[in-house]
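Welcome! Please open the structure in your viewer, and let's walk through it one selection at a time.

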Amino acid sequence: MSGAVSKIELAASFPTLRDEDWKYTDLSRPIAIAQQWLDSGSNEQPPDADLIDSIKAAADAAWIVIANGELLEASSTGLQEAGIEVSLLSSDEPAIDVPLANLNTQFRTGGIRIRVIEDRLDQRPIGLLVIDSAAGAPVMSQARVDIELDERAAARFIEYHVSSGDDEHYSNSLIRLNLAADASVEYLRFQDRALHHSQTARLNVRLERGSRLTHGGIDLGGRLSRNDLKIDIAGPDAVATFNGLYVAGTGQHIDNHTRVDHRVGPAVSDQEYRGILSGRSRAVWNGKAIVHRGADGTDAQQANHNLLLSERSEIDAKPELEIYADEVKCAHGTTVGQLDERALFYLRCRGLDESRAKRVLTRAFAATIVERAPIAELHELIGERVEQRLRELGDAS
Amino acid sequence: MLNIENLKVTIGDSEILRGLSLSVKAGEVHAIMGPNGSGKSTLASVIAGHEDYVVTDGTVRFKGADLLELEPEERAREGIFLGFQYPVEIPGVNNAYLLKAALNAKREHHGLEEIDAFEFLKLAREKMAVLGMDPKFLNRGVNEGFSGGEKKRNEILQMAMLEPDLAILDETDSGLDIDALKAVAEGVNALRAPDRAIILVTHYQRLLDYIEPDYVHVLSEGRIARSGDKTLALELEEKGYEWVREAANA
C-alpha cells in the first residue's frame, strides 16, 4: 500500500468539474473510494472464479485476466498464443501526462505488454478480462496494458469489464494501442460492471500510415462510467471507425469522450454513439475532432443519437470540430428524442401491442450499434445482455 | 362487415369528417375518392385507430362490434388491415421479424399456434413471388432504404400474409410507376374473396383501371357527396371534383 501518499496529493491526480473536459462528470465518489482504499483497503481480493469461468465459457478468446489490476496467470489462456508476445510491462514506460493516466502510473502494481507480430484476424480474439472485486473494504484498481502491432500485423481484441463484491470499487484503466504501418485492429470494449461500482477507462490509439482501427464500445453497467477514447492519426491513409452504445438507468452516469487528432491526411475518422436513457440517469457524449494544419484530405464524421425513455433522464451531447486544414470533409449530427410515434402506430396496426411495439423499437435503436460492433461472435452475448438490461429498466420505470 | 353511421371526427380544432355514413359488405370492393383535404385519409386512420383523431359523434361497427372501443392492435388482430400511404422506415427491425410477429399476434388472438419457421418462409416466398419481390427483402430493415414502389409492395405483402377481413389501402397507388402499380393491383386482386372486403382510398382513377370496384364514393367536405358504380370514377376523371361539390351544394 502506498501509505506515503497524502490525501492532498491523491486529490491532485483527479480532474475536477472546473476542467472543461470534466464539467459534467463528478469524481468525488471515486476520490472518496481512493482515500478509503489508501487508508484501509487491499487489492488482495479473491478473484470471482465463477464470473471468470462464465465469461470464458461464453466467448472463445485468448484470455488475459487482469484481476484488480494484476495479471491472473492461472486463469489466463492467452499467454502462449501464436503470433503474439505477452510480457510484463516495465515500470519505466513513457508517461501520459493527463490526470487519470498519472493516477494509473502512480498506483499501478501490474501492467502487461502485448506485441502482435502476425496477421491473426482470422483467429480467435485476444481477450482482456478486466475483472475487479471489492469485499470487506472499498478498493481502487489500476489496469494497465500496452499493445503494439508490428507492420501489417492484425488482431482482434475484446476489452471486457466486469466486477463483483458488496463494497465500493473504483477502476481506473489505461490502455495504449499503437498500430504500425498497415496494421489492423478490431477492438470491442464491453463494460458490464456491477451497478454500484465506478470506472474511468482510457484508450489511447496511435495510427501510422495505412493502418486501420474498428472500435465498438458498449456500456451497460457501473454507477459512474467515463470512457476516454483518444485517437492520433499519425500517418496518411489511416482509417478509424468507432461506434458506441450506452444504456443507463436510475443512478447511472455514463460519459463518453472521444478525441481524434488528424495530424496528416488523407485519413478517415467516423463515429456514431447511441444512448438509451431511462429513469433518473445521465449521459454525456463529447466528440472532438481536430484537423491539424496540413491534414488535407481528412474525412471526419460524428454522430450521436439519444433515446430518452424518461423525462428525468438527461443527456449532454457536444460535437466539437476544430479545423485548421483546407481540404476537409467534416460533418456532425446530434439528436435527442423519444420513440417515433409513427413507427409505434405502424407496428400496432400490424397487431403488436403497445408495450411490445415500444420494446421492439427500443431494441432496434440499440441493435444497429451492436450489429456494427467488431467481434461478431460476441454479438449474441452482448445482444442478450442489452436485452436483459433493457428489460430490467423497463420493469423499473 | 363495416357499418359507419354519421361519423364526426376532429383533429385539433378542425372537424374533418362531418357526418359520414358508409356500409361495406363482405366480398365488396369500395373506392373512396375525393380531392385533397376531403377526409379520405382521416377515414382510413380512424378505422385503424389512430389516437390523434377524436370521434365526436357517430358509430363504427365492424362485424357487429363497436370498433371504436378497440385499440389499434386489437383491430388488426380482429382482421382490419391499413395499408399506409407513407409506410414507416424502421431500421433495426427486420422485415421477416415484423411479418412473423404480426402473423403470430393474429394467430394467438384466434387461439392458433405460432407459425412454424419453415411454413412461414414458404408462405412469405410464395407471396413475394406474386408481387415480384426479391426474397432478400425479408432480411432487410422494415422499409429501410426501400424505393416508393418497394414500400407499397411491402404493404401489399403484409396484407397478403395477414389475410385481413377488411383491407383499407390508403393512396396505395401514389408514387408508383406502371409496373409497380400493376404488381400492386395484382396482389390486391389475388385477395378478392367472398368473405373479404377492400376499401381503396385514392385521389386518381388510374388504380381503378386495374382493380375494378363494386362501388365508388366521392368524399367532399367530410361527407360522402355521391355514390355510384365504377362509371362514377370515369365521370369524375372527366368532370373533376368541383362538379361533385357543386352538385352536393346545389
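This is a predicted model: local features need pLDDT of at least 70, side-chain atom pairs count only at pLDDT 80 or more; totals for chains, interfaces and linings use all residues.

Which residue in S20(A) is the bridge partner of Leu307(A)? The partner of Leu307(A) is Gly337(A). You are looking at strand S18 (residues 298-308) of chain A and its neighbour S20(A), which run parallel and are joined by 10 bridges.

Next, colour the whole sheet. In chain A, 10 strands line up in the order S2-S1-S5-S8-S10-S12-S14-S16-S18-S20, giving an open sheet with mixed pairing. Strand S2 (70-71) and strand S20 (328-337) of chain A each have a single partner strand, so one side of each is left without a neighbour in the sheet.

Helix H3 (residues 49-58) of chain A lies across strands S1, S5 and S8 of chain A, at about 145° to S8(A). Helix H6 (residues 354-372) of chain A packs on the sheet too, touching S12, S14, S16 and S18 of chain A, and its direction makes about 150° with that of S16(A).

Time to show chain B. Here 30 residues of chain B are in contact with 18 residues of chain A. The area buried between the two chains is about 2000 Å², with carbon and sulfur atoms giving 64% of it. On the chain B side, select Glu73(B), Phe84(B) and Val88(B): these lose the most area to chain A, together 25% of what that side buries.

Last stop: zoom in on Glu155(B) and Arg350(A). They form a salt bridge, with the closest N and O atoms 2.8 Å apart.

How values were computed. Residues are numbered from 1 along each chain as its sequence is written. Chains are lettered from A and ligands numbered from 1 in the order in which they are written. Side-chain values use heavy atoms; hydrogens and water are left out. Contact means heavy atoms within 4.5 Å. Buried area is the accessible area (1.4 Å probe) that two parts lose on being put together, summed over both. A salt bridge is a side-chain nitrogen of Lys or Arg within 4 Å of a carboxyl oxygen of Asp or Glu. Two strands pair if DSSP finds at least two bridges between them. Helices (H or I, at least four residues) and strands (E, at least two) are DSSP runs, numbered from the N terminus. Axes are lines fitted to C-alpha atoms, for helices over the stretch in contact, and angles run from 0 to 180 degrees between N-to-C directions.
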